[in-house]
There are 2 protein chains.
Amino acid sequence: ARWAMWREGGARGAALLFGLALALEALARLLWRRRGRRAPVSEVLFFPSPVTCTEALLADPLAAAAASSSPCPCLLPHGESALSRLLRRLLSARRSLELCLFAFSCPQLGRAVTLLHRRGVRVRVVTDSDYMALTGSQIGHLRRAGIQVRHDERGYMHHKFAIVDQKLLITGSLNWTTQAIQNNRENVLIVEDAAYVTPFLAEFERIWKEYNPTHYTFPRSSNKKRTEHLFRAWRGL
Amino acid sequence: ARWAMWREGGARGAALLFGLALALEALARLLWRRRGRRAPVSEVLFFPSPVTCTEALLADPLAAAAASSSPCPCLLPHGESALSRLLRRLLSARRSLELCLFAFSCPQLGRAVTLLHRRGVRVRVVTDSDYMALTGSQIGHLRRAGIQVRHDERGYMHHKFAIVDQKLLITGSLNWTTQAIQNNRENVLIVEDAAYVTPFLAEFERIWKEYNPTHYTFPRSSNKKRTEHLFRAWRGL
């Protein structure tokens, strides 16, 4: 009888332990989800983007206080657009921004990057040596603002990606030009998934190292130019 | 005493039920994982790609049997490359392939698409009206093979994406040209995630509908050409 009692007591203890373990697990899961485990960002933007006013996003912090009471009086629509969403994602940077851009001439995007630099975000830019000289290029502005920019020496540096705070990848077909934003069919993916962010970060670091200015050749050897007749049809791709 | 016995019995029963439930859950999870719940594809390819032989992938099914016994005797390396991985992903199509490509002149990729068409995969192609005429363009080959191709009338159709079997998205900076594959720094993301595939499918269907040949104007109005002097620097972007 004692043995049976002991057995029964053991079973009851086991049941209690099981129940307790389950309750604890459920509680842990609930807390885990509540505390900052928001769903990772996954967004797609398509262009052309309608032209909208982006002043509210890009205003200087000092001017912004005044602006918040009196919204921009310009005649452009003030709603959201693919461009404003892209700007918002970029402006969310708090620590670092890596840019790897074939062509960069959109003034709003240029202002956003300069703003981040002034806020103390570490900005690094890689661009294509041929396209950094195009009309309206933002590369000169960035360099004058004190942002480090490196460029390639051969082939086309055709990437168009940004990495925000080492955890958000922004990439697609879109070159950062007003022409592309307003006229072309383009896509931009916004991805917060290490499976994609990690290899892109590694690619950026590879390029950053390879395009170190100490490796530049003067006068520029311009392998591109030499083979250009072969690829005339491909100019600018 | 009876009451105590009943209580103990109840506790034992509860313990058994708990144990059984846990075991069943573990079993169900195991089966769920085993049976086809492989991890979704997430891959990144970077270019330039080393030149490798892709004959084994692209050989006709009839010729392939013979080829398997005698590998391609060409002098190119026969290992994997970014291009061969891209080809493999495309050739995995069993039902449908949507292509939305700014420029398409890479002969290996052209062969892969024609091969899929001959295997009975429903292939639909959208391309840019200016770039479909470039040297080495595959668009003419595809049309002659009986594949439906539609092109835009204005702006640049600058997308570079493919959708395999409505569930795998292949997109990035890469135009499907030998120049880009062998010389440029480019990226391609391979994504099996409805959060990205669904909007890209919708974008394809929108474009496919909009570029219906019954909407073409003859002679082509060529809005592009008219504004080209404004964007001369942007040619080919």
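Biologist: How many salt bridges are counted between chain A and chain B?

Modeller: A salt bridge is taken as a side-chain nitrogen of Lys or Arg within 4 Å of a carboxyl oxygen of Asp or Glu, and between chain A and chain B the count is four. In one of them the side chains of A:Glu203 and B:Arg185 meet, with 3.4 Å from N to O. This is a predicted model, in which local features need pLDDT of at least 70 and side-chain atom pairs count only at pLDDT 80 or more, while totals for chains, interfaces and linings use all residues. Residues are numbered from 1 along each chain as its sequence is written, chains are lettered from A and ligands numbered from 1 in the order in which they are written, and side-chain values use heavy atoms, with hydrogens and water left out.

Biologist: Which elements of chain A each supply at least two residues of the side that touches chain B?

Modeller: Helices (H or I, at least four residues) and strands (E, at least two) are DSSP runs, numbered from the N terminus. Those that qualify here are α1 (2-34), β1 (42-47), β5, β6, α7 (178-183), β7 and α8 of chain A, and α1(A) gives the most, with 11 residues. Counting contacts (heavy atoms within 4.5 Å), 59 residues of chain A touch 59 residues of chain B. The two chains bury about 4800 Å² between them, 62% of it on carbon and sulfur atoms; this buried area is the accessible area (1.4 Å probe) lost on putting the two parts together, summed over both.

Biologist: In what order do the strands of the open sheet in chain B lie?

Modeller: Two strands pair if DSSP finds at least two bridges between them. The seven strands follow the order β1-β7-β6-β5-β2-β3-β4 (chain B), with mixed pairing, and β1 (42-47) and β4 (148-151) of chain B are the edge strands, each pairing on one side only. Inside the sheet, β2 (residues 96-101) and β5 (residues 160-164) of chain B run antiparallel and are joined by five bridges, with B:Leu97 standing opposite B:Val164. Helix α8 (residues 194-210) of chain A packs on this sheet, where it touches β1 and β7 (186-191) of chain B, and its direction makes about 20° with that of β1(B); axes are lines fitted to C-alpha atoms, for helices over the stretch in contact, and angles run from 0 to 180 degrees between N-to-C directions.

Biologist: Is strand β6 of chain A mostly covered or uncovered?

Modeller: Call a residue buried under 20% relative accessible area, exposed over 50% and partly exposed in between (1.4 Å probe, protein chains only). For β6(A), residues 168-172, five of its five residues are buried: A:Leu168, A:Ile170 and A:Gly172 lie on one side, and A:Leu169 and A:Thr171 on the other. Strand β5 (residues 160-164) of chain A joins β6(A) through four bridges in antiparallel fashion, with A:Ala162 opposite A:Ile170. The hairpin of these two strands has three residues between them, and A:Asp165 takes a positive phi near 50° there. β6(A) also pairs with β7 (residues 186-191) of chain A, again antiparallel, over four bridges, and A:Thr171 stands opposite A:Leu189.

Biologist: Why does A:Ser173 count as buried?

Modeller: A:Ser173, found in the loop between β6 and α7 of chain A, counts as buried because its relative accessibility is 0%. Leaving aside residues up to four places away in sequence, A:Ser173 touches A:Lys160, A:Glu186 and A:Asn187, as well as B:His158, B:His159, B:Lys160 and B:Gly172.
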